[in-house]
Amino acid sequence: MALTFPFAAIVGQDEMTLAIQVVAVDPSIGGVLVLGDRGTGKSTAVRALADLLPPIQVIKGCPYRCDPAKSAGSCPVCQARDPKSKVATERQAVAVVDLPLGATEDRVVGALDLEKALSQGIKQFSPGLLAQAHRGFLYIDEVNLLDDHLVDLLIDVAASGENLVEREGLSVRHPARFVLVGSGNPEEGELRPQLLDRFGLSVQVRTPQDLALRVSIIKRRDAFDKDPAAFKALWHKDNQKLQKRILKARELLDQVEVSDDMLMLCARLCQQLGTDGLRAELTLLRATRAYAALQGHKAVQPEHLQSMAPLALRHRLRRNPLDDTDSGARVQRSLQEVLAA
């Protein structure tokens with residue numbers, strides 16, 4: 001198994017690493033979209049996400065990694081089990097599943113197990129990538145180049161939390177609740193608005209201009225490439241600290257208070273920016289609450305809103321042909337006006 005670059009060793013992309021940590025605290029925020037220059041560590045940071053995620057409890061032998069504490073919405077395999085029998089459980093690492101650009105629909109949603117059908121004459125469903133990503137993260141590199149039919153499929157599953165497969169005489173419905181994480185270069189193509197809206201947070205990654213920082217990044221990457229195991233061991237304690245911080249934030253999350261005044265600020269900001277629907281306010285609420293928990297605070301403050309607003313709103317803005325200001329700067333400008341009112 002190939003070792004991933006340690007998350008704690010990533011430098012120079014503070015906004016991206018912050019967004020990933022916030023989503024790790026509260027996956028209901030809806031995932032992260034990372035857009036920017038090639039070779040800036042987008043894929044590295046996403047694949048290092050597994051370092052931040054503590055193992056989850058699953059039903060042993062379940063191909064969909066069902067939660068033993070939740071019987072509702074379980075998969076066909078768990079539903080077929082004898083309810084009186086004792087359920088064996090085990091701990092597994094949270095899945096971070098790659099969806100390749102060239103993946104077929106069968107590979108993504110699942111299909112008939114041809115080997116069993118031909119050798120034994122048994123019609124059995126072979127789960128796809130969506131099943132593997134259940135209760136985990138689905139990562140799409142170059143997400144802006146994804147085929148339209150897969151985009152439509154992902155939008156449906158992300159909205160319902162279920163994957164329905166009806167083909168080749170099979171009819172299978174299984175849970176598929178995952179967090180979308182995508183990366184890409186905007187110069188190579190734009191995302192469809194329907195998929196863009198499914199990402200909770202969006203970050204823009206640029207090539208660092210500070211020479212000392214560039215040298216530091218190159219040295220760390222070179223050290224990892226020479227001896228991945230030794231480099232990973234060197235950063236193990238720092239990764240553990242990050243994981244503990246996220247665990248503490250998850251425990252604190254339900255205790256974090258969001259006052260009506262803060263909700264009013266969120267609503268006024270979204271109204272001023274002209275965002276469509278109410279998903280922007282909900283995402284902003286969840287992101288600021290998760291960030292406050294990550295900071296160890298029990299109430300959301302304006303500074304939490306200032307940090308999260310560009311990440312939650314920049315990809316939801318309508319284009320203004322008369323204003324070529326960076327979308328993140330537009331959010332900050334509107335936020336200052338709202339706070340000063």
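**Salt bridges and cysteines in a predicted model**

The count of salt bridges comes to 10, a salt bridge being a side-chain nitrogen of Lys or Arg within 4 Å of a carboxyl oxygen of Asp or Glu. The count of disulfides comes to 0, a disulfide being a pair of cysteine sulfur atoms within 2.5 Å. This is a predicted model, in which local features need pLDDT of at least 70 and side-chain atom pairs count only at pLDDT 80 or more, while totals for chains, interfaces and linings use all residues. Residues are numbered from 1 along each chain as its sequence is written, and side-chain values use heavy atoms, with hydrogens and water left out.

Helices (H or I, at least four residues) and strands (E, at least two) are DSSP runs, numbered from the N terminus. Buried means under 20% relative accessible area, exposed means over 50%, and partly exposed lies in between (1.4 Å probe, protein chains only).

**Asp152 and Arg192**

- The closest N and O atoms of the Asp152–Arg192 salt bridge are 2.6 Å apart.
- Asp152 lies in helix α7 (residues 148-160) and Arg192 in the loop between β10 (179-184) and α8 (193-196), so this pair ties together parts that are 40 residues apart in sequence.
- Asp152 is partly exposed at 35% relative accessible area, and Arg192 is partly exposed at 25%.
- A network of salt bridges links Asp148, Asp152 and Arg192.

**Arg173 and Glu162**

- Arg173 and Glu162 form a salt bridge through their side chains, at 3.1 Å from N to O.
- Because Arg173 lies in strand β9 (residues 170-175) and Glu162 in strand β8 (residues 162-167), the pair ties together parts that are 11 residues apart in sequence.
- Arg173 is partly exposed, with 46% relative accessibility; Glu162 is also partly exposed, with 31%.

**Arg279 and Asp197**

- In the salt bridge between Arg279 and Asp197, the closest N and O atoms are 2.3 Å apart.
- This pair links distant parts of the chain, 82 residues apart: Arg279 is in helix α13 (residues 279-294), and Asp197 is in the loop between α8 and β11 (201-205).
- The relative accessibility of Arg279 is 33%, which counts as partly exposed, and that of Asp197 is 26%, which also counts as partly exposed.

**Cysteines**

- The disulfide count is 0.
- Cys66 is in no disulfide, and its nearest cysteine sulfur, that of Cys75, is 3.7 Å away.
- Cys66 counts as buried at 3% relative accessibility.
- Cys75 is in no disulfide either, and its nearest cysteine sulfur, that of Cys62, is 3.6 Å away.
- Cys75 is buried, with a relative accessible area of 0%.
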